[in-house]
Amino acid sequence: MKSGIFCLSLDTELMWGRPDLPIWRQRAATVRPNIQKLLKLFTKYNFPATWAIVGQLFLPGDPLWHGPDIIKAIRKTPRQEIGCHTFNHLDFGRCPIQEADEDLKKWLQATQKQEIKPGSFAFPFNHVGHLKLLAKHGFKAYRGPAGHWFAPLGKAGEIIDSLAQITPPAGKPKQANHGLFNFSESQFYVSAWGLRKYIPLSSRVGKAKKGIRRAIAEKRLFHLWFHPINLSDQTGPLLAGLEEIIKFAKQQPGLEINNMEEMTRQLN
Ligand SMILES: [Zn+2]
């Protein structure tokens, strides 16, 4: 890589992420307005992003579970890639290959009608699996896990990591694993619900800035990600923090800002 790269990806799933949680209905209801706010922000800064979308959203139906209007709004905004987050929010790390194959076929069927080609992929729960199958169906890249130091500690570790503003890892994208690029994640832009509400905004932003600086210094990739549903609590401050990160990134010489599709194209 000739320079550092900053990439943002968004796992977009409405109710499909946690259908078992009653509070998810409340949170899912905030997804539409918050996507509008994100798109406005991205337009203002000509900022690219990859939207990893659960295929069910392409179908019409209950607005908490489906959202062709969401897809339309994203596609109308420049430099926004429609990526895949499986059709049913299926755990590819744990399901049999047959089930994954059926799921991918449904995603492709739903998107083909809109002339969306398979490109980038984010795994539900970040559980990587069936890479050969992804390659077979035409996908080019995925977001792999970083193997964070705090992973064995669970949520508490994530909170400590945020509070301490530990510099996030920066990956080196390589074409491996059946010809797919792995654009491994660096930082989850944490929500402000539950105990996470005690994480000050400055920690989230400070950590991201450290990640960007590292990517520039090491000519690597800083890959930030979250779900639009993560903005349901303290929406205003979280969006302001994101804007601060975007502004900071835009001011850095030696940093390219690309979505996953743009990175794939450049590396090829
Ligand atoms: Zn998900």
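Which spacing do the donors of the zinc ion follow along the chain? They follow E-x71-H-x3-H, where donors are N, O and S atoms within 2.8 Å of the metal (3.2 Å for Na, K and Ca), and sites may look incomplete because water is not among the atoms. The views below show a predicted model, in which local features need pLDDT of at least 70 and side-chain atom pairs count only at pLDDT 80 or more, while totals for chains, interfaces and linings use all residues. Residues are numbered from 1 along each chain as its sequence is written, and side-chain values use heavy atoms, with hydrogens and water left out.

**View 1. The zinc site.** Glu 13 (OE), His 85 (NE2) and His 89 (NE2) coordinate the zinc ion at 2.1 Å. Glu 13 sits in the loop between β1 (4–12) and α1 (23–28), and His 89 in the loop between β3 (80–84) and α4 (97–112), so this pair ties together parts that are 76 residues apart in sequence. Helices (H or I, at least four residues) and strands (E, at least two) are DSSP runs, numbered from the N terminus. Both Glu 13 and His 89 are buried, that is, under 20% relative accessible area, with exposed over 50% and partly exposed in between (1.4 Å probe, protein chains only).

**View 2. Helix α2 against helix α8.** The axes of α2 (residues 31–44) and α8 (residues 235–250) come within 11 Å and cross at roughly 20 degrees; axes are lines fitted to C-alpha atoms, for helices over the stretch in contact, and angles run from 0 to 180 degrees between N-to-C directions. That makes α2 roughly parallel to α8 (angles under 35 degrees; over 145 is roughly antiparallel, 65 to 115 roughly perpendicular and the rest oblique). Among the residues of α2 that meet α8 are Leu 38, Leu 41 and Phe 42, and the α8 side includes Leu 239, Leu 242 and Ile 246. The residues of this contact divide into six nonpolar, two polar and three charged.

**View 3. Helix α2 against helix α3.** Here the axes of α2 and α3 (residues 68–76) come within 10 Å and cross at roughly 5 degrees, which makes this pair roughly parallel too. Arg 32, Ile 35, Gln 36 and Leu 39 in α2 meet Asp 69, Ile 70, Ala 73 and Ile 74 in α3.

View 4. Asn 34 lies in helix α2 and counts as buried at 2% relative accessibility. Leaving aside neighbours within four places in sequence, Asn 34 is in contact (heavy atoms within 4.5 Å) with Pro 228, Leu 231, Ser 232 and Thr 235. Asn 34 and Thr 235 are 201 residues apart in sequence, yet 7.7 Å apart in space, C-alpha to C-alpha.

Methods. Ala, Val, Leu, Ile, Met, Phe, Trp, Tyr, Cys and Pro count as nonpolar, Asp, Glu, Lys and Arg as charged, and the others, Gly among them, as polar.
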